[in-house]
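The sequence and structure are shown first.

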Amino acid sequence: MPHESRTPLTRLDPNAPLVLDTRALSRQPGSSREMRLSVPAPEDFGVEMVGVPEGAAIELDLRLEAVLEGVLVTGTATVPLEGECARCLDPIASTFEADFQELFVYPDTRSGGNAEDDELRLEDDLIDLEPVLRDAVLLALPLSPLCRDDCPGLCAECGARLADVGPDHHHDVADPRWAALQDLAGEPSPEPPEGGRGDSGPRGSVDQQGKQEG
Ligand SMILES: [Zn+2]
Ligand SMILES: [Zn+2]
């Protein structure tokens with residue numbers, strides 16, 4: 001087999017913000033290095049209602065540690081967040097933290113495990129932190145972000161922000177659907193007129209009973 005078969009399909013760009021150089025560790029188990037860096041958020045760091053604005057600064061607190069089979073990366077990312085309140089749809093801007101830890105295996109290490117598919121590898125002495133950071137951020141994103149914990153949301157009838165209009169906000173029943181419901185639930189609906197009329201009652205047996213008997 002020609003040796004080119006080992007060439008990785010994609011080469012990491014050593015200058016990319018999320019590509020880390022581990023040469024300082026000299027592959028010496030036990031050696032470690034701490035680093036802080038600020039990187040621009042890659043695109044598509046988000047879900048439907050919230051996400052990290054592309055290019056916003058993500059602060060990384062990292063510890064790279066050489067172990068026997070590779071480099072263990074432990075870190076905390078402080079991530080700017082933008083989105084919409086799940087209740088009142090107000091824009092939200094805040095930050096959150098995402099922790100992560102991943103082992104990057106040396107490219108020439110044969111891993112005996114069966115988890116080769118999702119195994120992360122160094123390329124030369126470079127680590128691509130982006131997939132790790134992406135997973136950590138997406139996992140840590142709030143699914144229902146709120147502008148504040150007790151956000152009262154919107155009025156179900158007029159859409160007004162209840163935080164603005166106050167707790168006394170309500171609607172007189174003007175909607176015909178509500179009026180109909182109230183009729184059903186409350187006062188008995190008026191009887192149809194025919195039941196109350198006098199002319200149908202007397203008809204029947206009484207008259208017949210007065211038949212003369214011989
Ligand atoms: Zn809200
Ligand atoms: Zn309302």
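## Burial of A136

A residue is buried if 20 or more other C-beta atoms lie within 10 Å of its own. A136 has 21 C-beta neighbours inside 10 Å and therefore counts as buried. This residue is found in helix α1 of a predicted model.

Leaving aside neighbours within four places in sequence, A136 is in contact with A77, A98, D99 and F100. The C-alpha atoms of A136 and Q101 are separated by 9.1 Å, and the two residues are 35 apart along the chain.

## Helix α1

Besides A136, the buried residues of α1 include L133 and V137. Seen down the helix axis, the buried residues of α1 fall within an arc of 95°, so they line one face of the helix. P131 and L139 are exposed on the other side of α1.

## Nonpolar core

The largest nonpolar core has 25 residues. Those with the most contacts inside this core are V52, V71, A77, V79, I127, L133 and V137. Two or more residues each come from β4 (50-52), β5 (57-66), β6 (70-84), β7 (91-105) and α1 (130-140). β6 gives the most to this core, with five residues. In soluble globular proteins, nonpolar side chains tend to be buried together.

V79 touches V52, I58, T95, F96, A98 and V137, with residues up to four places away in sequence not counted. Of these partners, V52 and V137 are also listed among the residues with the most contacts inside the core.

## Loop residue E123

E123 lies in the loop between β8 (120-121) and β9 (126-128). Is this residue buried, exposed or partly exposed? E123 is partly exposed, because 15 other C-beta atoms are within 10 Å, and a residue must have 20 or more to be buried or 12 or fewer to be exposed. Its C-alpha atom is separated by 7.7 Å from that of Y106, 17 residues apart along the chain.

## Confidence

The protein averages a pLDDT of 81, and 72% of the residues score at least 70. Confidence is highest in β5, at 97, and lowest in helix α4 (residues 205-209), at a mean of 47.

Over residues 1-5, pLDDT stays under 50, and the model has zero contacts beyond four places in sequence for them. Over residues 195-211, pLDDT also stays under 50, with one such contact. Where pLDDT is low, the predicted coordinates should not be read in detail.

Definitions and conventions
Residues numbered from 1 in each chain as written. Chains lettered and ligands numbered in written order. Predicted model: local features only at pLDDT ≥ 70, side-chain atom pairs only at ≥ 80, totals over all residues. Helix = DSSP H or I, 4+ residues; strand = E, 2+ residues; numbered from the N terminus. Core = buried A, V, L, I, M, F, W, Y, C linked by C-beta atoms within 7 Å. Contact = placed C-beta atoms within 7 Å. pLDDT = per-residue confidence, 0-100. Arc of directions from axis to C-beta.
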